[in-house]
Amino acid sequence: MSGSPDLVTVSILDQEYQFNCPDDEREALKASALYLDEKMREVKSSSNLMALERIAVMTALNISDALLKMRVQDQRRQEQVDQKIRKLADELDNALDAGMD
């Protein structure tokens, strides 16, 4: 069974954590843990924070901020694409209307 849960061990700030995870999501979990480990190490090295909980919270805030900014950028991009599509559709309608005259 490819989707059955399996125990996966990941290391974050030199501490091991185990999670039940379907086989088809193992690589994503490992990649997420590696990303989190890197970001937590960045926070730890750039601040005086030593408590794991505070490092985790600061890292979560940083990741949340980045995610929210990316969502805003994605929404703006989508609005620009929609606007261009409407403009092209209008131009096409105008060209078709002009051709029928």
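**Helix H1 and its surroundings in a predicted model**

Q: What length does H1 reach from its first C-alpha to its last?
A: The structure is a predicted model, in which local features need pLDDT of at least 70 and side-chain atom pairs count only at pLDDT 80 or more, while totals for chains, interfaces and linings use all residues. Residues are numbered from 1 along each chain as its sequence is written, and side-chain values use heavy atoms, with hydrogens and water left out. Helices (H or I, at least four residues) and strands (E, at least two) are DSSP runs numbered from the N terminus, and the expected span of a helix is 1.5 Å times one less than its number of residues. H1 has 20 residues, and its reach is close to the 28 Å expected at 1.5 Å a residue, namely 28 Å.

Q: Within what arc do the buried residues of H1 fall, seen down its axis?
A: Buried means under 20% relative accessible area, exposed over 50% and partly exposed in between, with a 1.4 Å probe and protein chains only. The buried residues of H1 are Ala33, Asp37, Met40 and Val43. The arc is that of the directions from the helix axis to the C-beta atoms. These buried residues line one face of H1, because seen down the helix axis they fall within an arc of 130°.

Q: Which exposed residues does the face of H1 turned away from its buried side carry?
A: What covers the buried residues of H1 includes strand E1 (5-12) and H2. The face turned away from that buried side carries the exposed residues Glu27 and Ser45.

Q: At what angle do H1 and H2 pack?
A: Axes are lines fitted to C-alpha atoms, for helices over the stretch in contact, and angles run from 0 to 180 degrees between N-to-C directions. Angles under 35 degrees count as roughly parallel, over 145 as roughly antiparallel, 65 to 115 as roughly perpendicular and the rest as oblique. Helix H1 (residues 26-45) and helix H2 (residues 52-99) have their axes 9 Å apart and pack at an angle of about 110°. That makes H1, relative to H2, roughly perpendicular.

Q: Which residues of H1 meet H2?
A: Contact means heavy atoms within 4.5 Å. On the H2 side are Leu52, Ile55, Ala56, Met58, Thr59, Asn62 and Ile63, and they are met from H1 by Tyr35, Leu36, Lys39, Met40, Val43 and Lys44.

Q: Is threonine 59 buried or exposed?
A: Threonine 59 has its place in helix H2, and, leaving aside neighbours within four places in sequence, it is in contact with Leu36, Lys39, Met40 and Val43. With a relative accessible area of 1%, threonine 59 is buried.

Q: With which residues is aspartate 37 in contact, leaving aside its neighbours within four places in sequence?
A: Aspartate 37 lies in helix H1 and has a relative accessible area of 11%, so it is buried. Leaving aside those sequence neighbours, aspartate 37 is in contact with Ser11, Ile12 and Leu13.

Q: Is leucine 13 buried or exposed?
A: Leucine 13 is found in the loop between E1 and E2, and its phi is near 50°, a positive value in a residue other than glycine. At 12% relative accessibility, leucine 13 counts as buried.

Q: Is aspartate 14 buried or exposed?
A: Aspartate 14 lies in the loop between E1 and E2 and has a positive phi of about 65° although it is not a glycine. Its relative accessible area is 64%, so aspartate 14 is exposed.
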